[in-house]
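Please look over the sequence and the model before reading on.

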Amino acid sequence: MLQGSGPAGVTACENLRKLDPGARVTLIGDEPEPPYSRMVIPYFLTAKIGEQGTYLRREPDHYERLRIEVVHHRVTAVDSE
């Protein structure tokens with residue numbers, strides 16, 4: 001389980017999937033949008049790209065295909081058990 005759906009979190013999940021194809025991989029971020037790049041927000045705000053251009057992965061089924069569960073919620077506690 002990883003908190004943070006920015007580039008580091010997405011890349012970590014993808015690498016975990018490569019290292020352990022059978023692992024349960026969950027990406028948690030508290031924003032309702034798909035994981036996106038904050039670096040391209042100025043391009044979106046100036047209409048140089050559309051909203052889709054901000055997403056870190058272009059294919060809508062990317063996370064589903066890799067069996068990465070994406071949860072849009074804030075983590076408030078972690079139970080290590």
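Which residue lies over the face of tyrosine 36, and at what distance from the ring centre? The residue is arginine 38, placed 4.8 Å from the centre of the ring. The model in which this is found is a predicted one.

Strand β2 covers residues 25–29, and five of the five are buried, so the strand is largely enclosed by the rest of the structure. Both of its faces are covered. Val25, Leu27 and Gly29 are buried on one side, while Thr26 and Ile28 are buried on the other. Strand β3, which comprises residues 68–72, pairs with β2 in the parallel sense, and five bridges join the two. Among these pairings, leucine 27 has valine 70 of β3 as its bridge partner.

**Helix α1**

Helix α1 has 13 residues. From its first C-alpha to its last it reaches 18 Å, close to the 18 Å expected at 1.5 Å a residue. Its buried residues are Gly9, Val10, Cys13, Glu14 and Arg17. They cover an arc of only 130° around the axis, which puts them on the same side of α1. The face turned away from that buried side carries Ala8, Lys18 and Leu19, which are exposed. As a general point, an α-helix has 3.6 residues a turn, so residues three or four places apart point the same way.

**Two loop residues**

Two residues from the loops on either side of β2 are set out below by relative accessibility.

| Residue | Relative accessibility | Class |
|---|---|---|
| Serine 37 | 15% | Buried |
| Aspartate 20 | 39% | Partly exposed |

Serine 37 belongs to the loop that runs between β2 and α2 (41–45). Its relative accessibility is 15%, and the cut-off for a buried residue is under 20%, so serine 37 counts as buried. When neighbours within four places in sequence are left aside, serine 37 is in contact with Thr54 and Leu56.

Aspartate 20 is located in the loop between α1 (7–19) and β2. Because its relative accessibility is 39%, aspartate 20 counts as partly exposed. Along the chain, aspartate 20 and glutamate 51 are 31 residues apart, and their C-alpha atoms are separated by 32 Å.

Technical notes
Residues numbered from 1 in each chain as written. Predicted model: local features only at pLDDT ≥ 70, side-chain atom pairs only at ≥ 80, totals over all residues. Heavy atoms only, no water. Buried < 20%, exposed > 50% of the residue type's maximum accessible area, 1.4 Å probe, protein only. Helix = DSSP H or I, 4+ residues; strand = E, 2+ residues; numbered from the N terminus. Pairing = 2+ DSSP bridges. Contact = heavy atoms within 4.5 Å. Lys NZ or Arg CZ within 6 Å of the ring centre and 35° of its normal. Expected span 1.5 Å × (residues − 1). Arc of directions from axis to C-beta.
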